Amino acid sequence: MLEVLGVDSESETVYAALLSSPPAVPDDLARTTGLSPTRVRVALRRLQSSGLVNRRPGRPVSYVAIDPEVALDGLLLTRQEQLRRARLRAGEFTEQFRRLAATRDPAALVEVVTGADAVRRRCSQAIRGARHEVCAFDKPPYHSGGELDPNEPELEFLARGGTVRALYDADGISKPGRLNVLRMWAAAGEQARVLHDVPTKMALVDDRLAILPLLPGSGPDPSPSFVVLHRSAVLDALSALFEALWAAALPLQLGSVHGTDRNGLSSDDQLLVNLLAAGLTDEAIARQVNISYRTLQRRLRALMDRAHAHTRFQLGIHATANGWVKGGGVWEQGCNSSRE
């Protein structure tokens, strides 16, 4: 926990032991912490140099912890000053880069990254450098085992207060195991919407760069090469495209975890309605919620009876008018893509 202040885990363990005991000798601390006497002595030297412990005079040599309110505040202030200077230096580098960018060959505004591993590394690097917002188009095909796995850089970005908006292709949502991943992202704070046909994969990081495939994927495999676009008119156009499609897309709601909503819909029915609105076929919905096709049809018929609807289209009108889904402008896509 204190590693951010330059205190390694073993030193933190020794410091915690000292806080809960009177002045202690290294051998006693070794028994308390389970560390060897040699490692305890190394940790004590580090703690002393960081101003967290004092060595008491006399024999045997003993150590006492310094009040953490005083000692840790001092380390925090030191680290804050280091970060302030680093930000100033980073700002100088950024300004220098922008001045040079105006004189660079336009080809330097584009990077080409080839290979699944290289693409993942470049995406991770870009997201870890994000400051405010990451916007994404999510569309098949996927790298095997790639997009369905938790993306640690994005989770870290959300955890530190960043905004992530993801526009999902309806076909991508229907992939096996996808629903659990989307729920995880929603719990982490991702804002999600769904569109019947997302034009391409893409990640937009702040207003600084975009990452997208160089070519369409071939069959089940994504493009082996991606391009990274830096600040340019092309980047502005891609940002405008994302905003236009985001405004037209349907919010992706995965239903309440427990109980019923204000309309009296159970959590299972909320999920069913929203997956229908998202454009999933009946077969895909049955797979996602782990029920048989026959059971799905029975539940769907019950919803239509409740809405006094004879067709999917009428069900969509009722769901939109009564708040079962939000922004029903693309419900027709979901109805038309499912079997009548």
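Student: Is D206 buried or exposed?

Tutor: The model before us is predicted, and every value in it is computed. A residue counts as buried when its relative accessible area is under 20%. D206 has a relative accessible area of 18%, so D206 is buried.

Student: Where is the place of D206?

Tutor: D206 lies in the loop that runs between β7 and β8. These strands form a hairpin with three residues between them.

Student: With which other strand is β8 joined by bridges?

Tutor: β8 is also joined to β9, residues 225-230, by five bridges, and these two strands run antiparallel. Here I211 stands opposite V228 of β9.

Student: How many residues of β8 are buried?

Tutor: Five of the five residues in β8, which spans 209-213, are buried, and the strand is mostly covered.

Student: Which residues of α3 are buried?

Tutor: They are V40, A43, L44 and L47. Seen down the axis of α3, the buried residues fall within an arc of 105°, so they line one face of the helix. The face turned away from that buried side carries T38, R45 and S49, which are exposed.

Student: Against which elements do the buried residues of α3 pack?

Tutor: They pack against the helices α1 (9-19) and α2 (26-33), and against the strands β1 (53-56) and β2 (62-65). After α3 comes G51, with a positive phi near 80°.

Student: Which residues touch the most other members of the largest nonpolar core?

Tutor: That core has 48 residues, and those with the most contacts to other members are Y168, I173, L252, L280, I285, L315 and W324. Helix α10, residues 267-277, gives the largest share of this core, namely six residues. Another core, of 22 residues, lies apart from it; V40 and A43 are among its members, as are L5 and V53.

Student: With which residues is I285 in contact, leaving aside its neighbours within four places in sequence?

Tutor: I285 is in contact with L272, L275, L276, L280 and L296.

Student: Which residues does a cis peptide bond join?

Tutor: Most peptide bonds are trans. In this structure, P140 and P141 are joined by a cis bond, with omega about 0°. P141 sits in the loop between β4 (133-138) and α6 (152-159).

Student: How many helices and strands does the protein have?

Tutor: The secondary structure comes to 14 helices and ten strands. Of the 340 residues, 40% count as buried. The protein exposes about 18,600 Å², of which carbon and sulfur atoms supply 54%.

Technical notes:
Residues are numbered from 1 along each chain as its sequence is written. This is a predicted model: local features need pLDDT of at least 70, side-chain atom pairs count only at pLDDT 80 or more; totals for chains, interfaces and linings use all residues. Side-chain values use heavy atoms; hydrogens and water are left out. Buried means under 20% relative accessible area, exposed over 50%, partly exposed in between (1.4 Å probe, protein chains only). Helices (H or I, at least four residues) and strands (E, at least two) are DSSP runs, numbered from the N terminus. The arc is that of the directions from the helix axis to the C-beta atoms. Contact means heavy atoms within 4.5 Å. Accessible areas come from the Shrake-Rupley method with a 1.4 Å probe; for residues, only the protein chains shown count as cover. Two strands pair if DSSP finds at least two bridges between them. A nonpolar core is a set of buried Ala, Val, Leu, Ile, Met, Phe, Trp, Tyr and Cys residues joined through side-chain atoms within 4.5 Å.
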